[in-house]
Amino acid sequence: MSVLQLFKFKGGVKPATNKTQSVTQPITTAPMPSVLAVPLHQSVGGTPRPLVQAGDKVLKGQKIGEADGWVSAAVHAPTSGTVREVTLYPAAHPSGLSASSVIIEPDGEDRWIEHAPVDYKNLAPERIRTLLQEAGVVGMGGAVFPTHAKTQASRTVPMEEMIINGAECEPFITCDDLLMRERAEEVLRGAGIFRDLLMPTRVLIGIEDNKPEAAAAMRVALEKLGPDFAEFEVVAVPTLYPAGGAKQLIRVLTGKEVPNGTRSTDMGVQCFNVATVYSAWRALVHGEPLISRIVTVTGNVEEPRNYEVLIGAPMSEVLALGQPNADTDGILMGGPMMGFLVPDMSAPVVKATNCLIAHSPALFPPNEPEMPCIRCGSCAEVCPHELQPFELYWHARSKNFDKVKSFYINDCIECGCCSFVCPSHIPLVQYFRFAKSEIWAQNQDKRNADEAKSRFEFKQYREERDKQEKAEKLAKAAAVQAAKKAAEAAAASSGETTEATAIEADPKKAAIAAAMARAAAQRAPAIATPSATPLSE
Amino acid sequence: MTPMEFSTSPYLLKEVSVQRVMLQVLLALLPGIAAHVWFFGPALLVQLAITTSAALLAEAVMLKVRGRPLNMFLSDLSVVVTAWLIALTFPSIAPWWLTLIGTLFAVVVGKQLYGGLGQNPFNPAMVAFAVCIVSFPALMSQWPAEGQNLSAQVASIFGTAPKLDGLSSATPLDVLKTGLKLGGDEASVSSVMAAHANTFGLMGGHGLEWVAFAYLLGGLWLVREKIITWHIPTAFLAGISLLSTALWLFNSAAFANPLFHLFAGGTMLGAFFIATDPVTGATTPRGKLIFAGSVGVLVYLIRVFGGYPDGVAFAVLLMNICVPLIDLYTQPPVFGNKAKRKK
């Protein structure tokens, strides 16, 4: 094993990891839930269009939502059964809003569609990307970005490193740990797919050093896979939250800092979560679209454990498997640092659901009252993006959003380190989310106003143009009429001279009409300039 | 679910609080207080009692007037830190009304009128010191003589006995300055020190140097506990050391050695406990270095060339004014943005 030089990212905190509770037992498949509610929108990007309607029979793995655009991924029926309806259903989102979902009543048979495994090595990269999109493979570390859209190297920068993220730095969560322990070979083979697409020089699998079992399992599997995986290396990284953030892990393993708004491939590096590459493997080689994932059920429960859960299973039913204690008063989805309290416990498990934590006041004591900021700077010391959270807080609080932007609010990843250490118990991240959404709303307002303005300008232009065209048409018609009359008159004059006066008058009229038409034509281009594509943004 | 409806991540929080931070600062002051009492008698304890109770009372009244929760803000102990710093920087045999005026001014004007905890631009304890030394320069310049008993000192504080000459003495910094001035061309640092052997010790002032040493220990503990960072004390001490070393090398007869300046007057207390006040100090790493380095330089300039016996209060207040500017121009680059600096 070569010795890789590790780098450090600034900041970070060390909350109690609380991981040991849920790793004592192997992953087990959760029982079939009573109902499945599969939200159509489960990835960053376009909302898939539903392909089924109420009453339809579906098979396990059947596509029920078609990807809408390049940045979007298909969704599938997690089991066989009947579509009860396609409707708004409580979403796994802190807002408590509903999302368009396909509600499926399982028939208990769990009948698969025809599997269509492929030999991906013989497929064109474009075809593999389409297959990944069709299989609904998205980033399962929580960001749910469609994976196929991350598999193109930069045109100018050679791919140096591919990072496989097995750091799993959030407290309580152990789904990636167990995945690596039990399915190491498939994870590595899945990473192999992306290695073949991106062709990096090295593949580094970063695992926090509090998961030695997972790292050992991965190393054993790597050895077994032999020379085809020669550029792979399993690297234990120091346990420091948020080492599992993509940018932090890239920094630790390669020393590269990917600035906000920059593609990591432009710096020759790309990062995938272990569960993502595993899903890609299942999708291509076994023809199984992404219809289930490993979920850690932990917190205030009797039996913390990892379950293989169908996407769409009600969270309350999944949490019940762990036998929550009587004082449980909510469900946290995700970890305690970045997760959120689910407003409606009937909300379904989605592709982003890595962990369900039974919440109780004893486990997570309610926040103490907020005190004034004393500018101690603890938040700045722990910020992994080296921001000045107390300055951001100061300006966010006074709604001075231009200042907030000048302190790089958009670089904030909302990891929660600042709130974690604040001696004044200020919910800093909450202020930053507020500021971000306000800035987003302001930008949206501006966009809307710009759009309205250009629409209005276009309307004005159109009306002017129509008027102009009408005048031109009239002038032209008049000219034609005059020419006609002149011709008639000329024909008549050869025989009769009695209408001489009329003939004299008509050429004059024709000349006037012609002059008007010329003038109109001169004016027209001046009006035609406002904008060629007035509605484009 | 109602109580948590608006609570958002993170749900795990470190067990820290303003109260705990302030408590640790108070603990770190204890060795210095003990040394002070050991050398200069128990008067300091009387002053601590006066300033602490007056500060708490003033804070409570102001909070009440401003309609703020009493319990939450009184128990944060920030006003106690201010009170203790006042007691430690004022002469411990100063009359009770002087420390009382200082304390009231610090809490009411220096802190609460600006908006209370976290809102004051100037270090409240230093505001008190500046106000009193400008208004009552003679009373603020005397220092207790060593080995006095409680009753004599209490009598001095409360004015119940006629003023005794043996009770007070000038500070070493004062003695040195006046000695050099009065001695004219013949006087040198060593001759003044030899003439007042009782006043000067091994490094700073006799007795005082050990109080300073105790502050240093307490301050180092604060650094270790991560209550303060190394930047401010280091830059403060470096500022004083550099300037005093340069001038001492230039003319050791007219300028005391750097060690004397490090252990005399309010250097250690200022470096670890006063300039490190987070509310009124610079916040960025580079900003802290600039801020505290300038304080150190100013302290030296004021105590050596200025009219006051020591310069910590004015140096800190002057630099407090510059903090917003320093912070603005020393914003560190953010992650992935090391090449570009904020303009």
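Q: At what angle do helix H2 and helix H5 of chain B pack against each other?
A: This is a predicted model, in which local features need pLDDT of at least 70 and side-chain atom pairs count only at pLDDT 80 or more, while totals for chains, interfaces and linings use all residues. Helix H2 spans residues 43–66 and helix H5 residues 96–111 of chain B, helices (H or I, at least four residues) and strands (E, at least two) being DSSP runs numbered from the N terminus. Their axes, which are 9 Å apart, are lines fitted to C-alpha atoms, for helices over the stretch in contact, with angles running from 0 to 180 degrees between N-to-C directions. The packing angle of H2(B) and H5(B) is about 35°.

Q: Is the crossing of H2(B) and H5(B) left-handed or right-handed?
A: Residues are numbered from 1 along each chain as its sequence is written, and chains are lettered from A and ligands numbered from 1 in the order in which they are written. A crossing is left-handed if the near helix is turned anticlockwise from the far one by less than a right angle, and right-handed if clockwise. H2(B) passes H5(B) in a crossing that is right-handed.

Q: How many nonpolar residues does the contact of H2(B) with H5(B) have?
A: Residues are in contact if their C-beta atoms, placed from the backbone, lie within 7 Å; here Ile50(B), Ala54(B) and Met62(B) are among those of H2(B) that meet residues of H5(B), including Trp96(B), Leu100(B) and Val107(B). Ala, Val, Leu, Ile, Met, Phe, Trp, Tyr, Cys and Pro count as nonpolar, Asp, Glu, Lys and Arg as charged, and the others, Gly among them, as polar. Alongside four polar residues and one charged, the nonpolar count is 10.

Q: Which helix gives the most to the side of chain B that touches chain A?
A: In the contact between the chains, 32 residues of chain B meet 44 residues of chain A. The chain B side divides into 17 nonpolar, 11 polar and four charged residues. With three residues, the helix that gives the most to this side is H1 (residues 18–40) of chain B.

Q: Which strands stand at the edges of the open sheet of four strands in chain A?
A: This sheet has the order E11-E10-E9-E12 with parallel pairing, two strands being paired if DSSP finds at least two bridges between them. E10 (residues 202–208) pairs with E11 over six bridges, and Ile205(A) has Val234(A) as its bridge partner there. Each edge strand has a single partner, so one side of each is left without a neighbour in the sheet; these are E11 (232–237) and E12 (269–273) of chain A.

Q: How many residues of strand E13 of chain A are buried?
A: A residue is buried if 20 or more other C-beta atoms lie within 10 Å of its own, exposed if 12 or fewer, and partly exposed in between, with C-beta atoms placed from the backbone. Both faces of E13(A) are covered, with Ile294(A) one of the buried residues on one side and Val295(A) one of those on the other. Strand E13 (residues 292–299) is largely enclosed by the rest of the structure, because the number of its residues that are buried is eight of the eight.

Q: Which residue of E17(A) is the bridge partner of Val297(A)?
A: E13(A) is joined antiparallel to E14 (residues 305–310) of chain A by six bridges, and these two strands form a hairpin with five residues between them. With E17 (residues 355–359) of chain A, E13(A) pairs in the parallel sense over four bridges. In E17(A), the partner of Val297(A) is Leu356(A).

Terms used
Two residues are in contact if their C-beta atoms, placed from the backbone, lie within 7 Å.
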